[in-house]
Amino acid sequence: MRLLHLLRPALSIIPEVQEPRFPQPLKVKVLITGITLFIYLICCQIPLYGVYRTSGSDPFYWMRVILASNKGTLMELGISPIVTSGMILQFLSGVGFIEVNHSVREDKVLFNAAQKLLSFIMAIAEGMAYIWSGAYGDINQIGAGNAILILLQLTFAGVIVTMLDEMLQKGYGLGSGISLFIATNVSENILWKSFSPITLSTEAGTQFEGAIINFFHLLFTKQNTLQALYYAFFRESAPNLNNLLATLFVISLVIYLQGFRVEVPLASQKIRGLVSSHGIKLFYTSNIPMIIQSTLVQNVYFLSQLLYRRFKTNFFVKLLGTWQEAEFGGQSVPIGGLAYYMSPLRDVKDIINDPIHAVVYVLFVVFMCGFFAKFWIQISGESAKDVARKFKDEQIKIKGLREESMVKYLSGYIPVAAFCGGVCIGLLTIVADILGAIGSGTGILLAVTIIYGYFETFHKEKYDNQSIF
């Protein structure tokens, strides 16, 4: 008996979204995707009941935009449980600990059930760790009853996120819930930092948080135009126009690189003369390497802060990471240990002040993104061997090649595209962070690749003779 078969008795109690009986029209998919997004946004605004306080250091502060989470609300954990569970199971499957054949329907059902069950468990575990860390107040202050209520709310929200993601992935909507929530959170953050009407008290006087609004405010209120332009482009207390221009530059660069691909000519074995092509993109694995790398860093950050609060003098805890309260927002920043060397570079000054940190961080991001990209194609059914098998099942062959030569031909492109794409994603993230792009380099890259993917999906749906009207 295989490990997955142990889940058979639990299938009846694990919630599941049934696959649609017939393909959904594009207008229905757009509607359901919109409703899903509306539910997510509502959950981002519903505060957790029983919380004593939500101020103070935030273990998820550096990753909230990427994790599509919102502090003190039902979306406290965001997509962290489902992404972490998926990463763990894909890894166990890749190393052979869990045997799964995705072409067998029962294996596919059991694997999806295992991922959902593990995501529920991760939501409970992360919720308990969050409560224990004192994020909502001392456990003696909030009481056992409120602590249980908070845990139930976080678990319920984790179940909701998992089911919404499954509903979209099974064909009721467009894309996946994870991608939709990340893109929404990142886009919301960029728009807010550009147009926020909140006022700030600075040494230069009252300014607006939003970079664009502040630009016009300074032009109309400052008598010295050059001074107004200087504050608009170079202020450090809030987002400035340089940050916004860097964001637009990175977005344009990612869109440009999305067009790099190799077209493999295909010929049908069923219908003579029918030819087509299969595109192998530079970003072959899309944003998957960045999501996995970000989730890994987030879990290290969370565990490190949790342990450092309780055991500051322990040698191994300090080796994992030491933390210090920042001057802004009361958040903690890593100043030593593994967590510090995994923290992003904020600007050129960081490189000059600590070149060792810069070198280690660049090597870490580039290596992990490249490694995860190559590893992902092996466990996700996108390797050269898997693609060749799909061609054979669909009675398609590469033009001018025999069936036995297809794997060798594809092996010259797919692994290279996956690794180079992962490395490019990592380098673009680093460049975006150094340039000071709004949010984070990781968040911008995720949002652009996700929205670009939605654009391609939307176009494909329309191409399949489905009208949105």
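The questions and answers below concern a predicted model.

User: Which residue in β4 is the bridge partner of Ala267?
Analyst: Strand β3 covers residues 261-268 and pairs with β4 in the antiparallel sense over seven bridges. The bridge partner of Ala267 in β4 is Val275.

User: How many residues form the link in the hairpin that joins β1 to β2?
Analyst: Strand β1 (residues 199-202) and strand β2 (residues 205-208) pair in the antiparallel sense over four bridges. One of the residues with a bridge partner is Thr199, whose partner in β2 is Phe208. The hairpin passes from β1 to β2 through two residues.

User: Is α8 parallel or oblique to α9?
Analyst: Helix α8 (residues 225-234) packs against helix α9 (residues 241-258) with their axes 5 Å apart and an angle of about 50 degrees. Angles under 35 degrees count as roughly parallel, and those from 65 to 115 as roughly perpendicular. The angle of about 50 degrees therefore makes α8, relative to α9, oblique.

User: How many residues in the contact of α8 with α9 are nonpolar?
Analyst: On the side of α8, the contact is made by Ala232, Phe233 and Phe234, while α9 supplies Leu241, Asn242 and Leu245. The contact has one polar and no charged residues, and its nonpolar residues number five.

User: Are α3 and α14 roughly parallel or roughly perpendicular to each other?
Analyst: The axes of helix α3 (residues 80-94) and helix α14 (residues 355-379) come within 10 Å and cross at roughly 70 degrees. Angles of 65 to 115 degrees count as roughly perpendicular. The two helices, α3 and α14, are therefore roughly perpendicular.

User: Which residues in α14 meet Gln90, Phe91 and Gly94 in α3?
Analyst: The residues of the contact of α3 with α14 divide into four nonpolar, two polar and no charged. Those in α14 that meet Gln90, Phe91 and Gly94 are Phe375, Trp376 and Ile379.

User: Is Asn214 buried or exposed?
Analyst: Asn214 has its place in helix α7 (residues 211-221). The relative accessible area of Asn214 is 1%, and a residue under 20% counts as buried. Asn214 is therefore buried.

User: How many Å separate the backbone nitrogen of Phe208 from a polar atom of the side chain of Asn214?
Analyst: Leaving aside neighbours within four places in sequence, Asn214 is in contact with Gln207, Phe208 and Arg235. For the backbone nitrogen of Phe208 and the polar side-chain atom of Asn214, the distance is 3.0 Å.

User: How many Å apart in space are Ile42 and Pro334, C-alpha to C-alpha?
Analyst: Ile42 is found in helix α1 (residues 26-43). With a relative accessible area of 38%, Ile42 is partly exposed. Ile42 and Pro334 are 292 residues apart in sequence, and their C-alpha to C-alpha distance is 32 Å.

How values were computed
Residues numbered from 1 in each chain as written. Predicted model: local features only at pLDDT ≥ 70, side-chain atom pairs only at ≥ 80, totals over all residues. Heavy atoms only, no water. Pairing = 2+ DSSP bridges. Axes fitted to C-alpha atoms, helices over the stretch in contact; angles between N-to-C directions. Parallel < 35°, antiparallel > 145°, perpendicular 65-115°, else oblique. Contact = heavy atoms within 4.5 Å. Nonpolar A, V, L, I, M, F, W, Y, C, P; charged D, E, K, R; others polar. Buried < 20%, exposed > 50% of the residue type's maximum accessible area, 1.4 Å probe, protein only. Polar contact = N/O pair within 3.5 Å; in protein donor to acceptor, adjacent residues only side chain to side chain.
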